[in-house]
Amino acid sequence: MMKIAIVEDDRIDLQHLSRTLEEFCSENDIPCQLDTFTEGEAFLQSFVPGKYEMIFLDNYIGDTLGVTLARHIRQEDTAADLVFVTMSPDFAVESYDIGVLHYIMKPITPDAVAKAFLRRNANRSTTAPMVELTVNRVPVRIPADSILYVDILDKLATFHCKTQVLNVYVTLDKIMELLPADNFLRPNRSCILNMDFIAQMSDHAFLLKNGAAISASRLVWSEVKQKYMEFLLKKQQ
């Protein structure tokens, strides 16, 4: 189920965009759930990193600038696709550094919505696989390559990501099933590492790029050491 948010203070534009998105998703067999907001503050109170795959933002939401709201989103979530709905193409200059997927000019047309999804699909074809989790009973999706490492304590797994930390009740065995096997290793019973985040390998331990040191069990040291060496060799090819 694809979750989409719309933040638009004009109720007529909000209804029109909602109908256009629903029709597009129905015609293209995309199961979706639309959450609509007429105030930026209401959206932020509901927002959880990874909750939405696409977020459509008006450039002016009451007294709040859409670009200001987008910056708040990007501080916590780098994966969601942001689409601005605007009256003026000049608005793109103000938001070039946020990582916006697409701009839709008002009045909204089905073709403009279709182009946003086409661009999204083109980007997804070259990006990392997504990992689906449930955080506080809310389904979230995060890029696998944004996960630095995962550790677990008393059945609570903590995902240390590039821009956020997520706590999820899930086993490490299940997490390993969700992650790309070629990029992650499990050096001990309570931790999983993204090998791209390893700065140095020492005797029975890995030093991470943030300075943390993760010890490796002697029982699996030979195996994880070999896997990491093969990973490095593959990157050099």
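**Entry 1: strand S3**

I started with strand S3, residues 54–58: five of its five residues are buried, so the rest of the structure largely encloses this strand. Strands (E, at least two residues) and helices (H or I, at least four) are DSSP runs, numbered from the N terminus.

Before going on, I noted that this is a predicted model, where local features need pLDDT of at least 70, side-chain atom pairs count only at pLDDT 80 or more, and totals for chains, interfaces and linings use all residues. Residues are numbered from 1 along each chain as its sequence is written, and side-chain values use heavy atoms, with hydrogens and water left out.

Which way do the S3 residues point? I found Met-54, Phe-56 and Asp-58 on one side and Ile-55 and Leu-57 on the other, and all are buried.

**Entry 2: the neighbours of S3**

Next I looked up pairing, which needs at least two bridges between two strands, as found by DSSP. S3 pairs with strand S1 (residues 2–7) in the parallel sense, over four bridges.

**Entry 3: salt bridges**

How many salt bridges does the structure hold? I got 10, where each one is a side-chain nitrogen of Lys or Arg within 4 Å of a carboxyl oxygen of Asp or Glu.

I picked Lys-106 and Glu-8, whose side chains meet in a salt bridge at 3.1 Å, N to O. Lys-106 sits in the loop between strand S7 (102–105) and helix H5 (110–124), and Glu-8 in the loop between S1 and helix H1 (11–27), so the pair ties together parts 98 residues apart in sequence. Lys-106 counts as buried because its relative accessibility is 15%. Glu-8 is at 3%, so I wrote it down as buried too.

Then I took Arg-141 and Glu-53, another salt bridge at 3.1 Å, N to O. This pair links distant parts of the chain, 88 residues apart: Arg-141 is in strand S9 (residues 138–143), and Glu-53 is in the loop between helix H2 (40–46) and S3. Arg-141 comes out as partly exposed at 22% relative accessibility, whereas Glu-53 is buried at 13%.

Asp-173 is exposed at 51%, while Arg-186 is partly exposed at 27%. I also noted a network: salt bridges that share partners join Glu-53, Asp-81, Arg-120, Glu-132 and Arg-141.

**Entry 4: cysteines**

I searched the whole structure for disulfides and got zero; a disulfide would be a pair of cysteine sulfur atoms within 2.5 Å. Cys-25 is buried, at 1% relative accessible area. For Cys-191, the closest cysteine sulfur is in Cys-161, 13 Å away, so a bond is out of reach there as well. Cys-191 is buried, at 3%.

Notes
Buried means under 20% relative accessible area, exposed over 50%, partly exposed in between (1.4 Å probe, protein chains only).
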